[in-house]
Amino acid sequence: MSEAALFRARADQESANAAAASLENVRDRAERASKAWSAMADRAEQTLAMRERREAARTTA
């Protein structure tokens, strides 16, 4: 499983935690955590894409 996929799974879990929370502060914390995990997944995907482009450029050069 890729790093980005793990981060997405954590984001999904935090979203579920937020939906199940009865306390507002717990729900807010879980929503913030979900957004943070999603942002980390986005960055991991961007890093992987840049790495793949760099490797492709290196092999064609």
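In H1, the residues Glu 3, Ala 4, Phe 7, Arg 8, Arg 10, Ala 11, Glu 14, Ser 15, Asn 17 and Ala 18 meet Arg 27, Ala 30, Glu 31, Ala 33, Ser 34, Trp 37, Ser 38, Met 40, Ala 41, Asp 42, Ala 44 and Glu 45 in H2. Contact here means heavy atoms within 4.5 Å. Sorted by class, the contact of H1 with H2 has 10 nonpolar, four polar and eight charged residues. In that sorting, Ala, Val, Leu, Ile, Met, Phe, Trp, Tyr, Cys and Pro count as nonpolar, Asp, Glu, Lys and Arg as charged, and the others, Gly among them, as polar.

A word on the source: this is a predicted model, in which local features need pLDDT of at least 70 and side-chain atom pairs count only at pLDDT 80 or more, while totals for chains, interfaces and linings use all residues. Residues are numbered from 1 along each chain as its sequence is written, and side-chain values use heavy atoms, with hydrogens and water left out.

**How the helices pack**

Two packed helices are described by the angle between their axes and the distance between the axes. Here the axes of H1 and H2 come within 8 Å and cross at roughly 165°; they are lines fitted to C-alpha atoms over the stretch in contact, with angles running from 0 to 180 degrees between N-to-C directions. H1 and H2 are therefore roughly antiparallel to each other, a term for angles over 145 degrees. Their crossing is left-handed, meaning that the near helix is turned anticlockwise from the far one by less than a right angle. Both helices are DSSP runs (H or I, at least four residues), numbered from the N terminus.

Ala 4 is buried, with a relative accessible area of 10%. Leaving aside neighbours within four places in sequence, Ala 4 is in contact with Ala 41, Ala 44 and Glu 45. The C-alpha atoms of Ala 4 and Ser 38 are 8.7 Å apart, although 34 residues separate the two along the chain. Glu 14 is also in helix H1 and is buried, at 14%.

**Salt bridges**

The whole structure holds four salt bridges, each a side-chain nitrogen of Lys or Arg within 4 Å of a carboxyl oxygen of Asp or Glu. Among them are these:

| Pair | N to O distance |
|---|---|
| Asp 42 and Arg 8 | 2.5 Å |
| Glu 14 and Arg 10 | 3.9 Å |
| Glu 55 and Arg 58 | 2.9 Å |

Asp 42 lies in helix H2 (residues 24-60) and Arg 8 in helix H1 (residues 3-20), so their bridge ties together parts that are 34 residues apart in sequence. Asp 42 is partly exposed at 35%, and Arg 8 is partly exposed at 28%.

Glu 14 and Arg 10 are four residues apart in helix H1, so about one helical turn separates them.

Glu 55 and Arg 58 both lie in helix H2, three residues apart, about one turn of the helix. Glu 55 is partly exposed at 36%, whereas Arg 58 is exposed at 53%. Elsewhere, salt bridges that share partners join Arg 8, Asp 42 and Glu 45 into one network.

Methods: Helices (H or I, at least four residues) and strands (E, at least two) are DSSP runs, numbered from the N terminus. Buried means under 20% relative accessible area, exposed over 50%, partly exposed in between (1.4 Å probe, protein chains only). Angles under 35 degrees count as roughly parallel, over 145 as roughly antiparallel, 65 to 115 as roughly perpendicular and the rest as oblique.
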